Amino acid sequence: MGVAISLAGKNAIVTGGAGGMGRCTALLLAEAGANVLVSDMDGDAAEAVAAGIREKFGVKAVSNRCNVAVKAEVDAMVAQAMEVFGRVDILNHVAGVFGAVDFLEATEEDYDKQLNINTKGTFFVNQAVLRVMIPNRSGKIVNMCSQAGKYGFPTNVAYTTSKFGVTGMTQSIAMYAAPYNINVNCVCPGIVRTNIWERALDDIRRQGGDAEAYFESRLQGIPLKRAQTMEDIAHMFLYLSSSYADNMTGQAINITGGRVMH
């Protein structure tokens, strides 16, 4: 009896799909048989991912340029998915930003950027997708959160605030969507050294800090003694997008090497 995850015939949207974890997630969904709309603020990069999916896996794959903090662009993204696929079965909302700015030095712009993209963007994308899932009375929504959605970090207060919002929002939307047989969960990675992390380390360098020491300090206290990989995170997105997770909703799953255990 086979136990491999199959998403054959399913249609998925992956936001942030041109970045490290988003790209890895989009590729895994396609490998499992799903058709994928790859969305990203970098439209050319999104198209490169979609083209690679079409060539390697033979499923339908299209690209979309979208700033998830702009409602009109989110609505257009979902409309494109409906036009191409006819329905949306899966949302993997990976798009987000990360910043490490000293609390007393942080500006209103720093705060707004984190909340607009990470929290308001999650609101807009979940709302738009849920509207087209409800008539089908089925669907899987998986949001990107963070271990910073579980406990506070003094080095990135605005980011932590935005991710606590994602945790609570996911739980609330899960309650709203449950009567329609739609599962809504989120994934909380620990330390994954993606391009987003590299930009945050650059921020620390510009502030005169020791970026590598900061990164190493964040690895302390991980029982499994390593940072997480993009594949570690993408595998959980794949699982939560599948029928294996039919009885899971409102969960914020830690992928932290044991750093967070609740």
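Because the model is predicted, local features need pLDDT of at least 70 and side-chain atom pairs count only at pLDDT 80 or more, while totals for chains, interfaces and linings use all residues.

**Stop 1: α1 and α8**

Select residues 20–31, which form helix α1, and residues 230–240, which form helix α8. Helices here are DSSP runs (H or I, at least four residues) and strands are E runs of at least two, numbered from the N terminus. The axes of α1 and α8 are 9 Å apart, at an angle of about 50 degrees. Axes are lines fitted to C-alpha atoms, for helices over the stretch in contact, and angles run from 0 to 180 degrees between N-to-C directions. That angle makes α1 oblique to α8; under 35 degrees counts as roughly parallel, over 145 as roughly antiparallel, 65 to 115 as roughly perpendicular, and the rest as oblique.

Now show the side chains. On α1, the contact residues include Met21, Cys24 and Leu28, and on α8 they include Ile233, Ala234 and Phe237. Contact means heavy atoms within 4.5 Å. By class, this contact has 9 nonpolar, 3 polar and 1 charged residues. Here Ala, Val, Leu, Ile, Met, Phe, Trp, Tyr, Cys and Pro count as nonpolar, Asp, Glu, Lys and Arg as charged, and the others, Gly among them, as polar.

While you're there, click Gly20 in α1. Gly20 is partly exposed, with a relative accessible area of 28%. The cut-offs are under 20% for buried, over 50% for exposed, and partly exposed in between (1.4 Å probe, protein chains only).

**Stop 2: α4 and α5**

Next, pick residues 108–133 (α4) and 157–177 (α5). Their axes come within 8 Å and cross at roughly 15 degrees, so the two helices are roughly parallel to each other. This crossing is right-handed. Among the residues that meet are Tyr111, Leu115 and Phe123 from α4, with Tyr159, Val166 and Ile173 from α5. The contact divides into 11 nonpolar, 8 polar and 2 charged residues.

**Stop 3: two loops**

Most residues other than glycine have a negative phi. Go to Arg137, in the loop between α4 and β5: its phi is positive, near 55 degrees. Arg137 counts as partly exposed, at 48% relative accessibility. Then hop to Asn181, in the loop between α5 and β6, where phi is about 65 degrees, again positive in a residue that is not a glycine.

**Stop 4: α7**

Select residues 211–219 for α7 and colour Ala211, Tyr214, Phe215 and Arg218, which are buried. They sit on the same side of α7, because they cover an arc of only 95 degrees around the axis, taken from the directions from the helix axis to the C-beta atoms. After α7 comes Gly221, with a positive phi near 85 degrees.

**Stop 5: Met261**

Finish in the segment after β7, at Met261. Met261 counts as exposed, at 70% relative accessibility. Leaving aside neighbours within four places in sequence, Met261 is in contact with Pro223 and Asn254.

Key
Residues are numbered from 1 along each chain as its sequence is written. Side-chain values use heavy atoms; hydrogens and water are left out. A crossing is left-handed if the near helix is turned anticlockwise from the far one by less than a right angle, and right-handed if clockwise.
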